[in-house]
Amino acid sequence: LADIAPLLIEADIALGNLETPVAGSEFGYTGSSSLLNFNAPDSYLDMLKSAGFDVLTNANNHILDKRWQGILNTLDALDEWGFVHTGGFRNQEENETPCIVEHDGIRIAFVTGTGILNIGRGAIPKEFRQWAFNDLDIEKLSADIDRARQAGADLVFASMHWGSEGTQKPSSHQRRLAEELIAAGADCILGHHPHVLQPIEMVES
């Protein structure tokens with residue numbers, strides 16, 4: 001990331017979608033174009049920190065690549081490296097605690113969800129299954145937006161893992177959910193998963 005690090009470091013807040021577990025050496029380090037089951041070493045987080053990332057989300061299709069223990073180990077690693085993070089959660093309390101970053105007196109909250117999974121929620125023990133991460137349930141996402149406002153957020157960013165890989169136009173489902181998120185009070189929607197650029201639109205609400 002050396003070539004783009006100056007741009008990231010210059011940003012007031014740099015947000016990244018961490019599309020891999022960082023689950024420790026006991027899981028082996030995996031991932032290639034033919035093996036979409038990932039696990040990165042801790043040195044990956046060192047690289048992201050050095051490149052200027054401040055906030056990482058991990059609500060995406062790779063969140064369960066190393067099952068429930070992989071989520072827990074990843075969250076521990078993110079804490080150890082000093083990242084603000086959201087997307088994966090150890091319990092209900094963490095899930096319902098707004099992720100807020102303050103810069104120059106402006107409080108920005110991040111709400112996350114994924115509509116795509118490589119491995120189903122059955123990989124999570126039943127007692128944690130509902131809270132480990134959010135899917136694209138507008139009722140839950142709306143409640144998270146409300147909690148962020150109640151916690152004093154000036155702006156709410158919704159980071160959504162959606163769409164189809166390689167498609168340059170948003171689907172009808174993306175557009176419908178975007179409209180619902182805006183109606184629920186989101187100020188900015190950051191989409192990821194297609195791996196290509198899709199249009200940027202300004203919407204008055």
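**A conversation about cores, loops and a surface patch**

Biologist: Which residues does Ala-77 touch, not counting residues up to four places away in sequence?
Modeller: Ala-77 touches Val-22, Asp-42 and Leu-45. Please keep in mind that this is a predicted model.

Biologist: Where does Ala-77 lie?
Modeller: Ala-77 lies in helix H3, which spans residues 67–80.

Biologist: Is Ala-77 buried or exposed?
Modeller: Ala-77 is buried, because its relative accessible area is 5%, and buried means under 20%.

Biologist: How many residues apart in sequence are Ala-77 and Asp-42?
Modeller: The two are 35 residues apart in sequence, yet their C-alpha atoms are 7.2 Å apart in space.

Biologist: You also named Leu-45. What is Leu-45 in contact with, leaving aside its neighbours within four places in sequence?
Modeller: Leu-45 is in contact with Leu-18, Val-22, Leu-56, Ala-77, Leu-78, Trp-81 and Phe-83.

Biologist: Which residues touch the most other members of the largest nonpolar core?
Modeller: Leu-45 and Leu-56 do, within a core of 24 residues. The elements that give two or more residues to this core are H1, H2 and H3. The largest share comes from H3, with six residues.

Biologist: Which residues does the second core include?
Modeller: The second core is separate and has 15 residues, among them Ala-109, Val-111, Leu-141 and Leu-177. In soluble globular proteins, nonpolar side chains tend to be buried together.

Biologist: Which residues form the nonpolar patch on the surface, then?
Modeller: The patch is formed by Leu-1, Ile-4, Leu-7, Tyr-44 and Met-47, and together they have about 450 Å² of accessible area. Leu-7 belongs to helix H1, residues 5–10. Leu-7 counts as exposed because its relative accessibility is 64%.

Biologist: Let us turn to the loops. Where is Asn-39 found?
Modeller: Asn-39 is in the loop between strand S1 (15–17) and helix H2 (42–51). With a relative accessible area of 2%, Asn-39 is buried.

Biologist: Which backbone oxygens lie at 3.1 Å and 2.8 Å from polar atoms of the Asn-39 side chain?
Modeller: The backbone oxygen of Gly-24 is at 3.1 Å, and that of Gly-28 is at 2.8 Å. Beyond four places in sequence, the residues that Asn-39 touches include Thr-20, Phe-27, Tyr-29 and Lys-66.

Biologist: What is the phi of Asp-104?
Modeller: Asp-104 has a positive phi of about 50 degrees, although it is not a glycine. Most residues other than glycine have a negative phi. Asp-104 sits in the loop between strand S4 (99–103) and strand S5 (106–114). Asp-104 is exposed, with a relative accessible area of 71%.

Biologist: And what is the phi of His-193?
Modeller: The phi of His-193 is also positive, at about 135 degrees, and His-193 is not a glycine either. His-193 lies in the segment after strand S7 (188–192).

Biologist: Is His-193 buried or exposed?
Modeller: His-193 counts as buried, because its relative accessibility is 9%.

Biologist: With which side chain does the side chain of His-193 make a polar contact?
Modeller: The partner is the side chain of His-161, at 3.1 Å. Leaving aside neighbours within four places in sequence, His-193 is in contact with several residues, including Glu-19, Asn-61, Ile-116 and Trp-162.

Terms used: Residues are numbered from 1 along each chain as its sequence is written. This is a predicted model: local features need pLDDT of at least 70, side-chain atom pairs count only at pLDDT 80 or more; totals for chains, interfaces and linings use all residues. Side-chain values use heavy atoms; hydrogens and water are left out. Patches are made of residues with over 30% relative accessible area and no salt bridge: like charges are joined within 9 Å, nonpolar side chains (Val, Leu, Ile, Met, Phe, Trp, Tyr) within 5 Å. Accessible areas come from the Shrake-Rupley method with a 1.4 Å probe; for residues, only the protein chains shown count as cover. A salt bridge is a side-chain nitrogen of Lys or Arg within 4 Å of a carboxyl oxygen of Asp or Glu. Helices (H or I, at least four residues) and strands (E, at least two) are DSSP runs, numbered from the N terminus. Buried means under 20% relative accessible area, exposed over 50%, partly exposed in between (1.4 Å probe, protein chains only). A polar contact is a pair of N or O atoms within 3.5 Å; within protein, one must be able to donate a hydrogen and the other to accept it, and residues adjacent in sequence count only if both atoms are side-chain atoms. Contact means heavy atoms within 4.5 Å. A nonpolar core is a set of buried Ala, Val, Leu, Ile, Met, Phe, Trp, Tyr and Cys residues joined through side-chain atoms within 4.5 Å.
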